Amino acid sequence: MADASKAVQNDVSSDDSASLSEERILVLDFGSQYAQLIARRVREQNVFCEIIRHDLDADAIARKKPAGIILSGGPSSVYAEGAPKCDPALFKLGIPVLGICYGMQLACNSLGSQVGHCEAREYGRAALKISQPTGLLAGLPAEMDVWMSHGDQVNQVSEDFVSLAATGTCPFAAVQHQTLPVFGLQFHPEVTHTPLGATILHNFLYTVCGCEGRWHLADFAKLTIERLREEIGDHRVICGLSGGVDSAVTAALLYKAIGSQLSCILVDNGLLRKDEQAAVLSEFTNHFKADLHIVDAEDRFLETLAGITEPQEKRKRIGYLFIDCFKEEATKISGAKYLAQGTLYPDVIESGAAPDGPAATIKLHHNVGGLPEQLGFELVEPLRDLFKDEVRKLGIELGLPEQLVWRHPFPGPGLAVRCLGEVTRDKLEVLREADHIVVSEIKAAGLYRQTSQAFVVLLPVQSVGVMGDARTYENAVAIRSVNTDDFMTADWSHLPYDLLARMSNRIINEVRGVNRVCYDISSKPPATIEWE
Ligand code: XMP
């Protein structure tokens with residue numbers, strides 16, 4: 001059996017990253033919810049950035065030849081037992097280091113400064129007064145808003161440090177070491193609540209670290225395509241299509257690299273949205289001349305879901321049957337050696353699969369592992385270095401249509417997790433129609449790109465209504481629309497009332513069997529985006 005861990009993309013990823021990023025920034029992750037956001041903010045400034053374990057030793061870090069190092073925030077106190085630490089030799093490498101929040105406390109503490117509890121935990125907006133508007137803080141006004149979120153802070157700096165800026169409660173809100181290239185920020189420059197945070201990161205990258213800004217997606221695409229072509233040779237690659245942007249961009253890269261050696265499989269599990277199979281088919285045939293296999297498996301999926309109401313059991317059954325259907329089709333394709341997946345960077349780091357990625361495994365992602373081993377394929381993951389917004393930009397770069405590139409995400413188990421309780425053909429039909437109305441109305445209002453995900457959930461609830469003169473006893477549906485950057489946290493979309501009213505009217509008038517529409521106003525956490 002082929003070794004799935006010997007993935008083509010691991011080669012592509014590390015070599016490409018190396019050549020694209022002789023200039024790279026490393027983020028040491030101390031458990032911050034913002035580590036990925038820091039990496040994205042750096043890449044937005046055209047510098048490649050990678051998140052690594054906080055405890056990697058200084059020699060291993062130096063071998064990666066970073067232009068600079070960022071120490072992320074984190075929930076611990078530097079004095080707490082078991083608090084995550086970095087190798088102190090890191091500060092003596094001569095490589096610029098920027099500590100953010102906990103990262104700052106750690107850097108300052110390692111270099112002789114004192115950290116202690118603040119009088120009051122500081123959380124939220126604060127006014128930063130800048131005393132040294134040069135270097136890291138060049139080009140900034142004397143006073144600006146910053147976002148604080150900390151219980152500890154640097155209370156006393158060693159004489160090696162100078163304060164660059166302060167807030168009312170935090171005398172060392174920004175500091176610089178006098179002889180080492182070490183800087184600290186008590187606030188978070190990476191969040192949008194620090195409106196001029198990008199200028200600070202820009203100063204760190206370009207002035208302090210001397211970066212030139214060599215990370216461009218067009219170069220990434222070109223190099224990845226060349227490398228895929230070289231690595232795959234004349235073998236065949238199978239790529240699963242879901243209708244989503246990740247699998248489409250994966251297929252587009254592969255198609256540019258190996259053309260007709262690419263075979264794509266779309267498993268229609270009968271849980272897709274209205275007209276989705278046809279949309280994927282037309283997008284596909286307009287853009288690729290590759291071999292496409294559509295597996296019509298609606299009956300099999302409905303059969304395996306019959307009588308099942310427990311959400312996890314539904315997901316499991318869908319997952320297993322998907323693998324069976326995919327496997328059956330894949331084994332019909334002769335000579336295939338590789339399986340392509342649209343795994344993204346957050347999936348890789350969250351699953352703990354990145355070679356020097358953060359130590360903590362937060363969740364095992366559905367995309368990583370499993371299928372390729374079972375099928376005896378080697379894995380190709382050309383997007384495993386990219387964030388979602390980069391994948392979208394790459395899709396545009398590769399000539400994919402806007403409506404595909406900006407499509408809202410759709411879960412693998414499809415409408416089954418939006419049809420609460422047992423899934424039946426009739427319920428799916430109701431859901432499809434209602435969902436279509438909601439998405440069309442959001443598009444018509446010009447709000448599709450401003451919302452991150454919008455859909456309908458069919459509730460296992462019937463309620464009394466009145467239509468004409470008659471009493472009705474029919475289904476209730478919930479509209480869910482969320483805004484989010486990363487899908488880990490989300491706010492409900494504050495959609496205009498007249499839009500909500502149009503959706504509700506149309507659903508009740510046009511979808512048979514629905515007499516009540518609710519709007520879900522829960523944020524994540526504590527709710528999740530999907531209902532099951
Ligand atoms: P939750 O409901 O966990 O969803 O807040 C976060 C994002 O993930 C999507 N999602 C899934 N995607 N397979 C997928 O491919 C799944 O099993 C799955 N479950 C949730 C969800 O639609 C949202 O975008």
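Predicted model: local features only at pLDDT ≥ 70, side-chain atom pairs only at ≥ 80, totals over all residues.

Biologist: How many salt bridges does a search of the whole structure find?

Modeller: The search finds 27 salt bridges. The term denotes a side-chain nitrogen of Lys or Arg within 4 Å of a carboxyl oxygen of Asp or Glu.

Biologist: Which residue forms a salt bridge with Glu-143?

Modeller: The partner of Glu-143 is Lys-129, with the closest N and O atoms 3.6 Å apart. Glu-143 belongs to strand β6 (residues 143–156) and Lys-129 to strand β5 (residues 114–130), so the pair ties together parts that are 14 residues apart in sequence. Helices (H or I, at least four residues) and strands (E, at least two) are DSSP runs, numbered from the N terminus.

Biologist: And is Lys-129 buried or exposed?

Modeller: Lys-129 is exposed, at 51% relative accessible area, while Glu-143 is partly exposed at 44%. Buried means under 20% relative accessible area, exposed over 50%, and partly exposed in between (1.4 Å probe, protein chains only).

Biologist: What about Glu-226 and Lys-222, how far apart are their closest N and O atoms?

Modeller: In that salt bridge the closest N and O atoms are 4.0 Å apart. Both residues are in helix α6 (residues 217–232), four residues apart, and are thus separated by about one helical turn. Lys-222 is exposed, at 55%, and Glu-226 is partly exposed, at 38%.

Biologist: Now Glu-381 and Arg-384. Is Glu-381 buried or exposed?

Modeller: Glu-381 is buried, with 1% relative accessibility, and Arg-384 is buried as well, at 9%. The two form a salt bridge in which the closest N and O atoms are 2.5 Å apart.

Biologist: Which residues are linked in a network of salt bridges?

Modeller: Glu-441, Arg-502, Arg-506 and Glu-510 are linked in such a network.

Biologist: What are the distances from ligand oxygen atoms to Gln-453 and Glu-530?

Modeller: A side-chain N or O atom of Gln-453 is 2.7 Å from an oxygen atom of the ligand. For the side chain of Glu-530, the corresponding distance is 2.5 Å. Taken alone, the ligand exposes 500 Å², and the protein buries 75% of that.

Biologist: Let us move to β2. How many of the six residues of strand β2 are buried?

Modeller: Five of the six residues of β2 (residues 48–53) are buried, so the strand is largely enclosed by the rest of the structure. Strand β1 (residues 24–29) pairs with β2 in the parallel sense over six bridges, and Arg-24 has Phe-48 as its bridge partner in β2. Two strands pair if DSSP finds at least two bridges between them.

Biologist: Where does Phe-30 lie?

Modeller: Phe-30 lies in the loop between β1 and α2, and it is buried at 3% relative accessibility. The C-alpha atoms of Phe-30 and Gly-74 are separated by 5.0 Å, although the residues are 44 apart along the chain.

Biologist: Last, the backbone. Which peptide bond from Lys-524 onward is cis?

Modeller: The bond from Lys-524 to Pro-525 is cis, with omega near -20 degrees. A cis peptide bond also joins Pro-525 and Pro-526, with omega about 5 degrees. Pro-525 lies in the segment after β18 (514–519).

Biologist: And what is the phi of Asn-46?

Modeller: Asn-46 has a positive phi of about 65 degrees although it is not a glycine. Asn-46 is in the loop between α2 and β2.

Methods:
Residues numbered from 1 in each chain as written. Heavy atoms only, no water. Polar contact = N/O pair within 3.5 Å; in protein donor to acceptor, adjacent residues only side chain to side chain. Areas by Shrake-Rupley, 256 points an atom, 1.4 Å probe, with all protein chains shown as cover.
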